[in-house]
Number of protein chains: 2
Amino acid sequence: MASIIAIAINEMTKKRGISMAAKARKPSRASERAGQSPAGRRGRLSGVLRSDWSDRRKCQISGTFAVTPDGKKMAPTNPLLAGTGKITVYDQEHFQGKRAEFAAGCHNVAECGLDNVRSLKVECGAWVGYEHSNFCGQQFVLEKGDYPCFEAYSGSNSYRIERMLSFRPVRCANQKEARMTIYEKENMTGRELELCDDYPSLQAMGWSNNQVESMRVRTGAFVCYQYPGYRGQQYVVESDLGGGEYKCYREFGSHARSPQIQSVRRIQD
Amino acid sequence: MASIIAIAINEMTKKRGISMAAKARKPSRASERAGQSPAGRRGRLSGVLRSDWSDRRKCQISGTFAVTPDGKKMAPTNPLLAGTGKITVYDQEHFQGKRAEFAAGCHNVAECGLDNVRSLKVECGAWVGYEHSNFCGQQFVLEKGDYPCFEAYSGSNSYRIERMLSFRPVRCANQKEARMTIYEKENMTGRELELCDDYPSLQAMGWSNNQVESMRVRTGAFVCYQYPGYRGQQYVVESDLGGGEYKCYREFGSHARSPQIQSVRRIQD
């Protein structure tokens, strides 16, 4: 698999648990933007923290390439697999067992010698994981952070999923102005509501029922959830896939069984 | 139980499922604010939808009172239980079985003749549900919308919870400017980060590990999550409870077992 950077038995098998030592870090672009926003939208950083960040660009330099174990860079054959992030997956919980690092998508972890992904760390970028190979089944949005077990990444407990067999970078995340329109009926008809922020409850915004039958993502990427408060099934929708049009709920994902959507948020890396 | 408005066998037992008919609605305060914000933060509403809203104030009129089945209004004995919202709970999934409506908190659903809450609808306000009676155990933030089964409200699948035995309105939700500070160490020491928005990944904001040992909520209310993307254990923290100070992770909630926090968002009703 071209996108493997490294596969190794985790040398940290003696260090169980999920704590991470703090590392020297510089401000990310996201947090720099935050400081510039009129309302300080993305948080104000203390003087102490500002001098202690990592350089997000380090990931981006090699992010658009897949890198083989011998260090050879290869452009991904599928443009969906290109990315600007970095993700490390493990075949055992709590970052144990076999490990593989990726700077681009992976359509089947079995090809990397892993039977499953049971824990992972996102180092930069936003990713979407899938229950099955070839980007099928339940979807899981994965943002920077530590996911020590399947409960941490699956998010939905409608039925227990204990596998993630493929993943890829989210397209169009972090657009300056993410915008989408949701529609009451199929084929972009019926009542509509334009979204440009995060909405833990669409009904609190006045959407008068709990269903969205179609949507058009104009810019950026969003994740839609079955229940309020970002719970339940997740559907990642992106502006530059299929023109951003999702004409019926079956196009939300191979796992979609109903048009029930009650919360929506932007994906930003 | 003073706060019961009505308990009745649900007359809709033949109508299984989670769909709701659209009702005539007026703009909520939240959405009105949205329209006024410079960047249209909370979504732009189409002309069609604007004429079709419910009147949120209808709930607020009786919201600060507990109402007995005979219509007598009583002030809640515990100020924590007062609220400006409305929640309807059911003892069976998909809004079936015994039903009870509340305009204020409930410390034990057993006193209302329900052995458990297996589905619920929040009609207005933001609430916090608890696994056990007397506001103990796992916490579940509940915003406007439909929760047809326990998976819809529990949100965390670290272990399966199939009960919600008490709930109350969230205090201080919807403050104009919600602000809090998180700290690396206990007793508000170590590195700090000021938060005033929603953060699906604290690490993407530069928080260099996955733990928060203490916090101070200055205004408003937030919900903190164990994992990125608003997953895992939830901790509701409010500015006017105990001065908004949470000096160690054990004060986050009776269910807190570690200081692991990786995403945070404001609570707005």
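**Aromatic rings in the predicted model**

Hi everyone, let me start with a charge: the charged end of Arg265(A) sits over the ring of Tyr230(A), 5.9 Å from its centre. By "sits over" I mean that NZ of Lys or CZ of Arg is within 6 Å of the ring centre and within 35 degrees of the ring normal. In chain B, Arg250(B) lies over the face of Tyr249(B), at 5.2 Å from the ring centre.

A quick word on the ground rules. This is a predicted model, where local features need pLDDT of at least 70 and side-chain atom pairs count only at pLDDT 80 or more, while totals for chains, interfaces and linings use all residues. Residues are numbered from 1 along each chain, chains are lettered from A in the order in which they are written, and side-chain values use heavy atoms, leaving out hydrogens and water.

Now to the ring pairs. Rings of Phe, Tyr and Trp (its six-membered ring) pair if their centres lie within 6.5 Å; planes under 30 degrees apart count as stacked, over 60 as edge-to-face and the rest as tilted. That rule gives 15 aromatic pairs over all chains. One of them is stacked: Tyr230(A) with Tyr230(B), 4.9 Å centre to centre and 20° between the planes. Tyr230(A) and Tyr230(B) are both buried, meaning under 20% relative accessible area with a 1.4 Å probe, protein chains only. Ring pairs also link Tyr225(A), Tyr230(A), Tyr225(B) and Tyr230(B) into a cluster.

And what about Tyr235(B), buried or exposed? Tyr235(B) is buried, at a relative accessible area of 2%, and Phe252(B) counts as buried at 2% too.

Conventions:
Buried means under 20% relative accessible area, exposed over 50%, partly exposed in between (1.4 Å probe, protein chains only).
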